[in-house]
Amino acid sequence: MSGALHITLDWSDWIALFQHFFTMSMLSVGGAVSTLPEMHRFLVDQHHWLSEAQFNASVAIGQASPGPNILFIVLLGWNIGINTGSIVAALGAVITVMSGILIPSTTIALFASKWLTINNHLRGVRAFKLGMAPVVVALLISTGWILAGIHPQGEWHLWVLTLLSALLIWRTRIHMLWLLGAGALLGWFGII
Amino acid sequence: MPHPIPKSPLDLFWSFTLIALQGFGGVVAIVQRELVDKKQWLTQEEFIEEWAVAQLLPGPNVVNLSLILGERYFGVRGALASLAGMLLFPAVIALLLAVFYGIYASHPGVAGAIRGMSAVAAGLILATGLKMLAGLQSNALGKTLCAVIGAACFVSIALLRWPLLPVLLVLGTLSGGMVYYRLKAS
């Protein structure tokens, strides 16, 4: 990958790396993406463990990969490790950052969901879940809206493709991979 | 009528693996379709409730959702199986993509393909939200208030681009408070 650095990490650096992602995990309400600016500041600006190009490529590939967006953190870890010059360190860094980002939020999610299940009959819990329902549905529609709006060129035919796929998924049982494949082909041949 | 449920933690692992591997640019669309429309482990109403919880907890919302459901069916073993399903194979694929990124990044077709796929992915998320509207029909808030709260959320987030957390807190408290009052009355 372009823009690779040569760095060395001692034990205190490994601990700092783990601590950083551990903290980010607890702050990541609304998804890990909301903590991106802080990760950039820490990894690129402050410690120089990653180059700007590596950071941006990690985020872009994480988005393009199938699976949850949080995968970009796997790639951040991988590139930090690769910068020290070994595959073993790269795997170690992946495990370090992923445990950091997952342990707090996973623990909180498990305890919170257990508590909510046991107390599901309480009026407060019912009110919270039912009250949040219209908010989270509107939030999803907003997310789709925002994602459709930030097409790099913002051209009208990308909007048509977005609305057409929304309509097909909403109203038919067509498999999503067909639509994604069609989108990829249209883009590959420069039609959209 | 009883729900179908996952057979074992292994069933959860493979189900979430397949869901994650289909999820380009928005796993929630696939989760909704697989778990509600196809497998019917959850009704539309239950899915919205779980999603609300997953959304408000720290951490990635689809990962939280898989953990919550895994824990519900098979305790901690189920939660770990779901989590592993969501992350293991996708992480391997992401690493492979990263390793080969240097070769493909310069190809103009790749940039185009990613542009086309993100346009479709935006549509998938939009459709998921539209489908979930059906789950609001029987909400204790009533259709009018649901529409008002939903519209307020859309305007604040999509049009005014206000930050997520305060919007969620204000609208959630307002909406939850009204439901609380209505549940008392009935």
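In the predicted model, A:Trp156 and A:Arg171 are exposed, and both are found on the other side of helix 7 of chain A from a set of buried residues made up of A:Leu158, A:Leu161, A:Thr162, A:Ser165, A:Ala166 and A:Ile169. When helix 7 of chain A is viewed down its axis, these buried residues fall within an arc of 130°, and they therefore line one face of the helix. The cover over the buried residues of helix 7 is drawn from both chains, and includes helix 6 (123–149) and helix 8 (176–188) of chain A as well as helix 5 (108–132) of chain B.

The length of helix 7 of chain A was also examined. The helix comprises 16 residues (residues 156–171), which at 1.5 Å a residue should span 22 Å, and this expectation agrees with the end C-alpha atoms, which are 22 Å apart.

Chain B, which contributes helix 5 to the cover described above, has a secondary structure of seven helices and zero strands, so that, by the assignment of helices and strands as DSSP runs numbered from the N terminus, its elements follow the order α-α-α-α-α-α-α. Taken along the principal axes, the C-alpha atoms of chain B fill a box of roughly 65 × 45 × 25 Å. Of the 186 residues in chain B, 53% count as buried, where burial requires 20 or more other C-beta atoms within 10 Å of the residue's own. Among the contacts of chain B that link residues at least 6 apart in sequence, 58% join residues at least 24 apart.

Conventions
Residues are numbered from 1 along each chain as its sequence is written. Chains are lettered from A and ligands numbered from 1 in the order in which they are written. This is a predicted model: local features need pLDDT of at least 70, side-chain atom pairs count only at pLDDT 80 or more; totals for chains, interfaces and linings use all residues. Helices (H or I, at least four residues) and strands (E, at least two) are DSSP runs, numbered from the N terminus. The expected span of a helix is 1.5 Å times one less than its number of residues. A residue is buried if 20 or more other C-beta atoms lie within 10 Å of its own, exposed if 12 or fewer, and partly exposed in between; C-beta atoms are placed from the backbone. The arc is that of the directions from the helix axis to the C-beta atoms. Two residues are in contact if their C-beta atoms, placed from the backbone, lie within 7 Å.
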